[in-house]
Amino acid sequence: MFGVPVLKIKWPTLLGIVVMHLGVIFAPWTVSRSAVVVFVILQAMTTLGITLGYHRLLAHRSFQVPKWLEYLITVCGALAAQGGPIRWVATHRLHHAFSDRPQDPHSPTRGFWWAHMGWLFVYDELIDHPTKHWRYAPELAKDPVHRVITQTNILQQVLLGVFLFVLGGWPGVVWGMFVRTVFNWHCTWFVNSASHLWGYRRYDTGEGSRNNWWVALLTYGEGWHNNHHAYVHSAAHGLRWWELDLTYLTIRLLGVVKLATNIRLPRGKAAKFPPLPTDAGFAPQFTPSEPALVMAEFRLNE
Ligand SMILES: [Zn+2]
Ligand SMILES: [Zn+2]
């Protein structure tokens, strides 16, 4: 009616995110050495679960690990409360396919807050309808373990909350659940917002991705996002010695102990994307090159 698109709000998601943020209010009154230790350990575990697990392993298959380890890392990612792996991977592949174009689930071309968190509250047929988003992560949708991890994602958060309460009482829940989850969320969300707005561009990738040092520090290397868009399958996102990439260092460590194999790295230059002579004057170019990238992902996973 009247030509105005009606946004369908996902109230449970909105409520969940608001409740988690409200829980952070209790942080100053519950802080203790043990609460901070729980925060630090779980923060590192769930951050790597997302960056090393959901992102570089599952979404891009930039290296391989034994199946038992893949499932274990996936559970670490699932405990970050960013949804199950199938939907996360599907959403991310759509982002690479349509970066900064209308079909991109979280482009800052619709504003910083939309890219940062607004998109999470609004129903999107492509990523919220199971039979639709499963098409973008077919190999995970076929895997019964990944399906179970996806379908029990909320239960996993509840069980972790109960475990933290038994372990450390209310301070354990506040720091291990509320503070840690909210901190982890905003770090991840900055990759979608800040790393598509602020930072330098080494490669002309045809969208607005940028290398942002402070996002890289917060997200164990994910802020080198322009490098990542240029070399989507690379296990390393930091491509200079000073581009610290803790996720890649962890993958290298797994490689040393023979748990990570077929670690993929950029080969030669990003031929499709010549380096930009200058950062100034960049404007998003909505070229049709991105679907080729996502199709490469699909072929890889077939
Ligand atoms: Zn990616
Ligand atoms: Zn991006």
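The pLDDT is the predictor's confidence in each residue, on a scale from 0 to 100. The protein averages a pLDDT of 87, and 87% of the residues score at least 70. The structure is a predicted model, in which local features need a pLDDT of at least 70 and side-chain atom pairs count only at pLDDT 80 or more, whereas totals for chains, interfaces and linings use all residues. Residues are numbered from 1 along each chain as its sequence is written, and chains are lettered from A and ligands numbered from 1 in the order in which they are written.

The protein contains 15 helices and zero strands, these being DSSP runs numbered from the N terminus (H or I over at least four residues for helices, E over at least two for strands). Confidence is highest in helix α4 (residues 67-78), at a mean of 98, and lowest in helix α15 (residues 290-301), at 39. Over residues 271-302 the pLDDT stays under 50, and the model has 41 contacts beyond four places in sequence for this stretch; two residues are in contact if their C-beta atoms, placed from the backbone, lie within 7 Å.

Of the 302 residues, 42% are buried. A residue is buried if 20 or more other C-beta atoms lie within 10 Å of its own, exposed if 12 or fewer do, and partly exposed in between, with C-beta atoms placed from the backbone. The largest nonpolar core holds 41 residues, among which Val89, Ala90 and Phe190 touch the most other members. Such a core is a set of buried Ala, Val, Leu, Ile, Met, Phe, Trp, Tyr and Cys residues joined through C-beta atoms within 7 Å. Two or more residues of this core come from each of α3 (33-59), α4, α5, α11, α12 and α14 (246-256), and α3 gives the largest share, seven residues. A second, separate core of eleven residues includes Val38, Val173, Val174 and Met177. Beyond four places in sequence, alanine 90 touches Ile127, His133, Trp134, Tyr136 and Ala137.

Serine 193 lies in the loop between α11 (153-192) and α12 (213-218). This serine 193 is buried, because 23 other C-beta atoms lie within 10 Å. Not counting residues up to four places away in sequence, serine 193 touches Pro108, Phe112, Ala115 and His116. Serine 193 and tryptophan 113 are 80 residues apart in sequence, yet their C-alpha atoms are 7.6 Å apart in space.
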